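Visitor: Could you take me on a close look at one part of this molecule? I am new to this, so please go step by step.

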Amino acid sequence: MASKKSIKKDVNNMVYDVVDECFMAMMMNDKNTDAAEKLIDEAAEFQDSMLEKINRANGKADYKGIRAEMEKAAISFVTKLNALA
């Protein structure tokens with residue numbers, strides 16, 4: 001079973017990667033600034049909501065749901081990051 005600590009670390013790493021890629025997109029193309037800033041805000045909101053869910057999680061079933069939601073969000077973020085390129 002995954003610990004809360006490892007799931008929190010995974011969420012934080014995912015959000016860090018999204019934000020880092022947004023900054024790279026902004027540096028490469030000034031036209032992407034607004035879209036990248038919106039994506040950064042969305043990633044921050046996702047992080048807050050996921051950390052809240054992780055803190056309320058009580059068992060293995062909760063962690064599986066959280067992991068599934070993280071995977072869905074990761075796919076969404078990658079799609080949006082590809083649109084910035």
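Guide: Happy to! One term before we start: two residues touch, or are in contact, when they have heavy atoms within 4.5 Å. Keep in mind too that this is a predicted model.

Let's look at the pairing of helix 1 and helix 2. Helix 1 covers residues 4-28 and helix 2 covers residues 33-56. Their axes lie 9 Å apart, at an angle of about 175°. Angles over 145 degrees count as roughly antiparallel, so that is how helix 1 and helix 2 are described. Helix 1 brings residues including I7, V11, M14, V15, C22 and F23 to the contact, while helix 2 brings, among them, A36, L39, I40, F46 and L51. Sorted by class, this contact has 17 nonpolar, four polar and three charged residues.

Now pick out F46. Leaving aside residues up to four places away in sequence, F46 touches M14, V15, E69, M70, A73 and F77. F46 also belongs to the largest nonpolar core, which has 23 residues; C22, F46 and F77 touch the most other members there. Helix 1, helix 2 and helix 3 (60-84) each give two or more residues to this core, and the largest share, eight residues, comes from helix 1.

Finally, visit the loop between helix 1 and helix 2, where you will find N32. N32 has a relative accessible area of 13%, so it is buried. Again not counting residues up to four places away in sequence, N32 touches A25, M26 and L84.

Notes: Residues are numbered from 1 along each chain as its sequence is written. This is a predicted model: local features need pLDDT of at least 70, side-chain atom pairs count only at pLDDT 80 or more; totals for chains, interfaces and linings use all residues. Side-chain values use heavy atoms; hydrogens and water are left out. Axes are lines fitted to C-alpha atoms, for helices over the stretch in contact, and angles run from 0 to 180 degrees between N-to-C directions. Helices (H or I, at least four residues) and strands (E, at least two) are DSSP runs, numbered from the N terminus. Angles under 35 degrees count as roughly parallel, over 145 as roughly antiparallel, 65 to 115 as roughly perpendicular and the rest as oblique. Ala, Val, Leu, Ile, Met, Phe, Trp, Tyr, Cys and Pro count as nonpolar, Asp, Glu, Lys and Arg as charged, and the others, Gly among them, as polar. A nonpolar core is a set of buried Ala, Val, Leu, Ile, Met, Phe, Trp, Tyr and Cys residues joined through side-chain atoms within 4.5 Å. Buried means under 20% relative accessible area, exposed over 50%, partly exposed in between (1.4 Å probe, protein chains only).
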